[in-house]
Amino acid sequence: AQTSQSDSTKATTNLITVLQRRVALAAATASLRQLFVNQANPVLFVSRLEELAAKHQVTMNLNVQEPASTTSQAKIVPTTVEIQVLGQWSDVLDFINALQTEPTALTIEQFTIQTPSNSPDVVSVTMQMISYWRSL
C-alpha cells in the first residue's frame, strides 16, 4: 500500500510539473507570436504603427507589401515595409525609438534622413524594412 501511495505522489508531482511547463510554454508561444505580423489580420499591425505615429506627433506614410505567395510550406514569410515619417527632430526620434521597442520583428534595411529646405527643424525619415508574417 505504501508503494502505491508513493507512486501516486510521484504521478501527481509529475502532472503538476507538466501543467506548469504547459502554462510557461503557452506564455512563450504568445510572446513569440507577437514577433510576427498575423497574415490573416494585418490591420492590427498597420493600426499599431498609426497609433505610434499619432502618439509621437509625426505624419506617417506607410507602404506594406503583401508577402509573396510561395509554393513552400513556410509558416513565416518576409515582406517589405516602407515607413516615411515627417515631424520635429525629437518627435521623429521618439517614434523610431518606440518602433524599435515594439514586439514585432522589424529589420531596417535602408534608412534615409532629409531636412526640407524651408523648415530646418523638421526632418523626413524613410525606412525600408523587412517584417515577418506568419500564416499560423
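The cut-offs are under 20% relative accessible area for buried, over 50% for exposed, and partly exposed in between (1.4 Å probe, protein chains only).

A quick word on the source: this is a predicted model, where local features need pLDDT of at least 70, side-chain atom pairs count only at pLDDT 80 or more, and totals for chains, interfaces and linings use all residues. Residues are numbered from 1 along each chain as its sequence is written, and side-chain values use heavy atoms, with hydrogens and water left out.

**Overall layout**

- You'll find three helices and five strands in the protein, and along the sequence they run α-β-α-β-β-α-β-β.
- Helices (H or I, at least four residues) and strands (E, at least two) are DSSP runs, numbered from the N terminus.
- Out of 136 residues, 26% count as buried.
- Take the contacts between residues at least 6 apart in sequence: 66% of them join residues at least 24 apart.
- The protein exposes about 9100 Å², with carbon and sulfur atoms supplying 53% of that; accessible areas come from the Shrake-Rupley method with a 1.4 Å probe, and for residues only the protein chains shown count as cover.

**Helices α2 and α3**

- Helix α2 (residues 43–55) packs against α3 at an angle of about 145°, and the two axes are 9 Å apart.
- For those values, axes are lines fitted to C-alpha atoms, for helices over the stretch in contact, and angles run from 0 to 180 degrees between N-to-C directions.
- On the α2 side, L49, L52 and A53 meet F95, A98 and L99 from α3.

- As background, side chains of opposite charge can pair when their charged atoms come close.
- R48 pairs with E51, and their closest N and O atoms are 3.1 Å apart.
- Both R48 and E51 belong to helix α2, three residues apart, or about one turn of the helix.
- R48 also meets E102 in a salt bridge (2.8 Å, N to O).
- Put together, R48, E51 and E102 form a network of salt bridges.

**A nonpolar patch on the surface**

- W89, L93, I108, F111 and I113 make up a nonpolar surface patch, with about 450 Å² of accessible area together.
- Two elements give two or more residues each to the patch, namely α3 (89–100) and β4 (106–114).
- The largest share, three residues, comes from β4.
- W89 is placed in helix α3 and is partly exposed, with a relative accessible area of 38%.
- Patches take residues with over 30% relative accessible area and no salt bridge; like charges are joined within 9 Å, nonpolar side chains (Val, Leu, Ile, Met, Phe, Trp, Tyr) within 5 Å.

Definitions and conventions. A salt bridge is a side-chain nitrogen of Lys or Arg within 4 Å of a carboxyl oxygen of Asp or Glu. Contact means heavy atoms within 4.5 Å.
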